[in-house]
Amino acid sequence: MRILITGGTGNTGRPLAAALRARGADIRVASRHPRSAADHVRFDWADPATHGPALEGVEVAYLVPPLATLEPMPLVEPFLAAASGVRRVVLLGSLAVLPGAPGIVELERAVQRMPESSILRPSGFMQNFLGAHPVATGIRERGEIVSASGPGRLGWIDAEDIAAVAAEVLTGPAPAREHTLTGPETLSYSAAAAIITEVTGRPVRYTEVSVDEQTRRLSAFLPQPYSRALAAVDADIRRGSEDRTTSVVEDLTGRPPRSFRDFVAAHMA
Ligand SMILES: NC(=O)c1ccc[n+]([C@@H]2O[C@H](COP(=O)([O-])OP(=O)(O)OC[C@H]3O[C@@H](n4cnc5c(N)ncnc54)[C@H](OP(=O)(O)O)[C@@H]3O)[C@@H](O)[C@H]2O)c1
């Protein structure tokens with residue numbers, strides 16, 4: 001059974017590829033810049049000529065949709081059309097519902113029409129606190145986290161836990177239609193900042209801004225319509241839309257999800 005991992009070099013795709021490789025699975029790691037490793041394949045959402053070759057012999061696919069767009073279907077449609085040999089698709093969705101994004105709902109419906117499908121709906125990634133993400137750059141450059149979510153809490157999850165669930169859902173028996181994935185606890189940004197301060201000894205403060213101001217700030221990193229939708233999600237989070245945890249990570253992997261404190265300690269450098 002060959003498994004294609006789109007976004008195979010990303011936050012969830014990289015640990016997923018490692019987990020499946022360790023099990024001896026036949027995988028294809030999709031990337032715009034494939035390394036010479038035998039299991040990498042060139043794949044670009046924007047280049048449909050790469051879709052067919054990437055799908056060769058593939059029965060199961062992990063789908064990380066095109067990033068930072070409210071209109072993924074024009075890019076995903078040619079892929080699904082080329083995926084007639086695929087019997088199971090696991091889509092990386094989100095617990096957050098982006099407003100004004102019928103294209104994302106359409107993508108989920110198209111995936112649900114595949115013979116077997118499952119949608120993973122994770123809460124906010126702990127990886128947002130690392131690397132080039134705006135939350136991480138704010139912490140490193142100004143010792144500040146900015147959002148419009150105020151005291152609203154999220155069930156922050158380590159992308160490695162999402163990958164561990166994905167490995168089970170891709171290779172196990174016929175999967176449930178969707179899985180809501182969270183870490184072990186919910187934390188506001190302010191509580192997350194306090195944990196980072198405590199663990200690293202470096203002061204990090206939280207600043208709440210309006211949805212308009214957050215849209216403006218995110219637009220420096222992301223397309224404007226997508227920034228507006230993400231900032232609107234902050235307002236939902238403020239009202240409690242993500243203040244929940246589930247036991248799915250432990251139910252499917254047999255071990256509890258990583259806590260934010262552990263994650264910060266592991267990534268302190
Ligand atoms: N961050 C969160 O808090 C959060 C929460 C819930 C859901 N999500 C969802 O999770 C998904 C992944 O987000 P992420 O930020 O963690 O991204 P990520 O998976 O780390 O994204 C980077 C990956 O996308 C691939 N990629 C980028 N452009 C591509 C293109 N044109 N064609 C093919 N592949 C391309 C990259 O591959 P190469 O560079 O190797 O080509 C890389 O593997 C998003 O759909 C997001 O909505 C995120």
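This is a predicted model: local features need pLDDT of at least 70, side-chain atom pairs count only at pLDDT 80 or more; totals for chains, interfaces and linings use all residues.
User: How far is a backbone N or O atom of Gly7 from an oxygen atom of the ligand?
Analyst: Gly7 also faces a ligand oxygen with a backbone N or O atom. The pair falls within the 3.5 Å cut-off. For Gly7 the separation is 3.3 Å.

User: Which residue places a polar side-chain atom 2.8 Å from an oxygen atom of the ligand?
Analyst: Among the 22 residues around the ligand, those that come nearest are Thr9, Asn11, Ser31, Arg32 and Asn128. One of these has a polar side-chain atom at 2.8 Å from a ligand oxygen. That residue is Asn128.

User: Are helices α3 and α4 roughly parallel or roughly antiparallel to each other?
Analyst: Helix α3 covers residues 73-81 and helix α4 residues 102-112, and their axes lie 10 Å apart at an angle of about 10°. Angles under 35 degrees count as roughly parallel. The two helices are therefore roughly parallel.

User: How many charged residues does the contact of α3 with α4 have?
Analyst: From α3, the contact uses Met73, Val76, Glu77 and Leu80, and from α4 it uses Gly103, Glu106, Leu107 and Ala110. By class there are five nonpolar residues and one polar residue. The number of charged residues is two.

User: Why is α1 oblique to α6?
Analyst: The axes of α1 (residues 13-22) and α6 (residues 159-171) come within 8 Å. An angle under 35 degrees would be roughly parallel, and one from 65 to 115 roughly perpendicular. α1 is oblique to α6 because the axes cross at roughly 50°.

User: How many nonpolar residues does the contact of α1 with α6 have?
Analyst: α1 contributes Pro15, Leu16, Ala19 and Leu20, which meet Ala159, Glu160, Ala163, Ala166, Ala167, Leu170 and Thr171 of α6. One residue in this contact is polar and one is charged. The nonpolar count is nine.

User: In which hand of crossing does α8 pass α9, left-handed or right-handed?
Analyst: Helix α8 (residues 211-218) packs on helix α9 (residues 224-238) at about 140°, with the axes 8 Å apart. These two helices are therefore oblique to each other. The crossing of α8 past α9 is right-handed.

User: How many polar residues does the contact of α8 with α9 have?
Analyst: The α8 side consists of Val211, Gln214, Thr215 and Leu218. The α9 side includes Gln224, Ser227, Arg228 and Asp234. Six residues of the contact are nonpolar and two are charged. The polar residues number four.

Definitions and conventions: Residues are numbered from 1 along each chain as its sequence is written. Side-chain values use heavy atoms; hydrogens and water are left out. Axes are lines fitted to C-alpha atoms, for helices over the stretch in contact, and angles run from 0 to 180 degrees between N-to-C directions. Helices (H or I, at least four residues) and strands (E, at least two) are DSSP runs, numbered from the N terminus. Angles under 35 degrees count as roughly parallel, over 145 as roughly antiparallel, 65 to 115 as roughly perpendicular and the rest as oblique. Contact means heavy atoms within 4.5 Å. Ala, Val, Leu, Ile, Met, Phe, Trp, Tyr, Cys and Pro count as nonpolar, Asp, Glu, Lys and Arg as charged, and the others, Gly among them, as polar. A residue is near a molecule or strand if one of its heavy atoms lies within 4 Å of it. A polar contact is a pair of N or O atoms within 3.5 Å; within protein, one must be able to donate a hydrogen and the other to accept it, and residues adjacent in sequence count only if both atoms are side-chain atoms. A crossing is left-handed if the near helix is turned anticlockwise from the far one by less than a right angle, and right-handed if clockwise.
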